[in-house]
Amino acid sequence: MNPENLKYHREHTWVKVSGKRATIGITDHAQEALGDIVYIDLPEADTAVEANSELAEIESTKATSSVISPVSGTVLEVNEELAESPEIINEEPYGKGWVAVLEIEDETETEELMDASEYERYLEEEAK
Amino acid sequence: MRVAVIGGGPGGYVAALKAAQLGAQVAVVEQSEVGGTCLNLGCIPTKTLIASAEALRTAKGLADYGIELNGSVSPNLSKIMERKDRVVSIQVKGIRALFKSWGVTLVEGRGTLVSPGRIRVEKREGSEETIEAEKIVLATGSRPARIPKFSFDGKNILSSDDVITMKEIPSSLLIVGAGVIGCEFACLFSEFGVRVLMVETMGRALSTEDAGVSELLEREFKKKGITLMTGVDVTRVEIGEDGVHAYISDGREVVTEKILVSVGRTFNTENIGLEALGIERGKRGEVIVNEKMETVVKGVYAVGDVTGGMLLAHKASQEGVVAAHNACGRDMTMDYGVIPSAVFTSPEISSVGLREHQVQEKGMPYRTGGFLYRALGRAHAAGQLTGFFKIIADPGNDRILGAHFMGAHASDLVHEVAVAMKAGLKAVDVADTIHVHPTFSEGIREAFGDLHGEAIHVPKK
């Protein structure tokens with residue numbers, strides 16, 4: 001189940017906002033579709049990222065895929081643990097498998113994102 | 001017919017053998033060793049060193065294959081270099097034996113053109129000799145280009161020639177120039193545990209390759225811990241107690257044990273008598289030849305690096321074949337239409353034909369097809385997932401415009417496309433050809449299939 005307290009982007013990423021900090025990761029659906037993740041190319045701290053643009057790049061045994069940022073901001077932290085153990089994303093996409101924390105400029109950006117139930121409906125539509 | 005060749009590298013020695021095979025009496029003048037840069041300082045020694053690096057990588061990753069290693073693995077540079085010298089020596093002997101077999105005379109010394117039919121040789125032991133020949137082939141090659149601000153010193157600021165004979169593995173290395181040579185050495189040294197940094201003035205590594213290749217290579221560099229700085233230059237270098245300080249144009253300063261300068265190559269056109277004969281040179285100093293590989297002076301041909309263009313051993317050899325035919329009274333022209341090339345990075349890169357940006361610059365209509373190594377069963381079996389196949393074709397007549405591969409065995413795989421292009425086949429001809437399963441070559445078929453949306457092992461779009 002996709003957690004209720006997160007917002008979802010159509011490119012299968014999630015964001016959790018607390019104050020100016022936005023934690024971003026990929027959804028369970030995304031990790032499932034990608035299969036075993038073998039590498040993630042993490043952004044560098046202080047990099048400016050635009051909403052709907054690439055935040056990181058993931059390589060799985062099946063594909064290489066962009067992690068699309070749901071919001072705009074500046075990279076505050078990246079999950080360094082993923083460099084050594086990218087499989088954490090498969091195991092806990094909503095927990096220890098977070099990708100990066102951005103300092104966001106515009107909190108209203110998240111209003112355009114989906115909530116958990118909207119995202120689930122979106123997944124059903126996509127599967128059709 | 002008497003033919004004399006100055007320079008015994010892949011251009012010159014092939015010209016000599018071909019001329020001898022066509023019945024000529026042939027002499028080759030070589031100042032150092034037959035095989036030239038390719039065999040003694042370039043292609044072969046580097047590939048031998050890369051084989052050692054690959055062996056080390058395989059050993060370090062044995063656990064992934066279910067093999068237990070009870071002990072440790074580490075590179076021993078003097079033994080690696082010994083192996084390299086042995087490999088080179090075998091190849092050198094091979095060329096010398098072929099010379100003997102075909103009756104080619106090897107004159108060891110430095111040759112200079114005196115007049116259209118005459119070469120003066122300062123022999124290695126000190127004496128002089130004049131060689132007379134009706135036809136002459138210049139194949140003097142090239143050498144590493146230096147940067148005047150910090151020229152090679154053989155100790156701290158190295159050329160690729162110096163690296164080939166290195167005695168100790170440095171702890172860190174700054175490579176100036178992320179072209180073919182720089183990128184190959186970066187992969188090699190990082191495998192040996194060297195901290196590698198690179199500086200490139202262009203916006204990306206391997207800027208003459210397809211952009212897709214550079215993108216994946218740069219990601220692989222990140223994985224290996226190679227730091228690549230693009231769009232910048234080294235403005236100044238200082239040798240300090242703690243290593244070589246390089247000042248980067250963006251204000252950064254990096255300190256490494258050694259610097260390798262790999263910013264291109266300079267043509268060996270000095271003091272070989274070009275001026276005496278009035279042989280024309282181009283803007284970059286290259287010897288100008290026509291499609292028969294003949295210079296403006298009748299009966300004097302030039303082949304290989306010294307003629308500029310792509311600095312590739314196999315291009316030089318083909319030019320040597322063309323020059324030899326023409327020197328021996330046959331009629332042959334050089335066809336540059338299909339020349340595959342490879343970069344022996346880890347993983348390998350290969351290409352033939354046009355890059356996507358070149359197709360765009362020409363304003364040609366085009367379509368691309370692609371396939372990933374990781375979608376191949378063989379790639380998983382071999383544990384070599386990284387890489388892609390990319391094909392560019394004309395959507396109108398379905399002719400193949402170019403192919404760009406990156407991944408395991410890419411340097412060998414490219415020839416299937418080279419043959420198809422040379423034969424003028426359509427993309428669909430390759431897509432319709434059954435390929436062996438399970439092989440890496442299946443990816444080529446799928447990439448050709450993808451051009452027409454007919455690849456099998458791809459998710460529904």
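Let's start with burial: 45% of the 461 residues of chain B count as buried. Buried takes 20 or more other C-beta atoms within 10 Å of a residue's own, exposed means 12 or fewer, and partly exposed is in between, with C-beta atoms placed from the backbone. Keep in mind that this is a predicted model: local features need pLDDT of at least 70, side-chain atom pairs count only at pLDDT 80 or more, and totals for chains, interfaces and linings use all residues. Residues are numbered from 1 along each chain as its sequence is written, and chains are lettered from A in the order in which they are written.

Overall build next. Chain B has 15 helices and 22 strands. Those are DSSP runs, numbered from the N terminus: helices are H or I with at least four residues, strands are E with at least two. Along the principal axes, the C-alpha atoms of chain B fill a box of roughly 70 × 65 × 45 Å.

Now domains. The assignment, automatic or from a database, gives chain B domain 1 (2-143 + 266-327), domain 2 (148-263) and domain 3 (347-451). The C-alpha centres of domains 1 and 2 of chain B lie 27 Å apart. Where they meet, 10 residues of domain 1 of chain B are in contact with nine residues of domain 2 of chain B. Contact means C-beta atoms, placed from the backbone, within 7 Å. Helix α3 (residues 43-60) of chain B gives the largest share of the domain 1 side, seven residues. That side divides into eight nonpolar, one polar and one charged. For the classes, Ala, Val, Leu, Ile, Met, Phe, Trp, Tyr, Cys and Pro are nonpolar, Asp, Glu, Lys and Arg are charged, and the others, Gly among them, are polar.

On to the cores. A nonpolar core is a set of buried Ala, Val, Leu, Ile, Met, Phe, Trp, Tyr and Cys residues joined through C-beta atoms within 7 Å. The largest has 78 residues, and Met198(B) is among those that touch the most other members. Helix α6 (residues 180-191) of chain B supplies its largest share, eight residues. Beyond four places in sequence, the contacts of Met198(B) include Ile175(B), Ala186(B) and Leu228(B). Apart from that core lies another, of 53 residues, including Val121(B) and Val321(B).

Two helices to look at. How many residues of helix α15 (residues 442-451) of chain B are buried? 10 of the 10, so α15(B) is largely enclosed by the rest of the structure. Its buried residues pack against elements including β20 (367-372) and α13 (415-422) of chain B. Gly453(B) follows α15(B), with a positive phi near 65°. In α9(B), 13 of 15 residues are buried. Just after α9(B), Gly329(B) has a positive phi of about 85°.

For contrast, take Gly126(B), in the loop between β4 (118-123) and β5 (128-132) of chain B. Gly126(B) counts as exposed because it has 7 C-beta neighbours inside 10 Å.

Last, the chain contact. Seven residues come from chain B and seven from chain A. Helix α7 (residues 211-224) of chain B gives the most to the chain B side, three residues. By class, that side has two nonpolar, one polar and four charged residues.

Key: Two residues are in contact if their C-beta atoms, placed from the backbone, lie within 7 Å.
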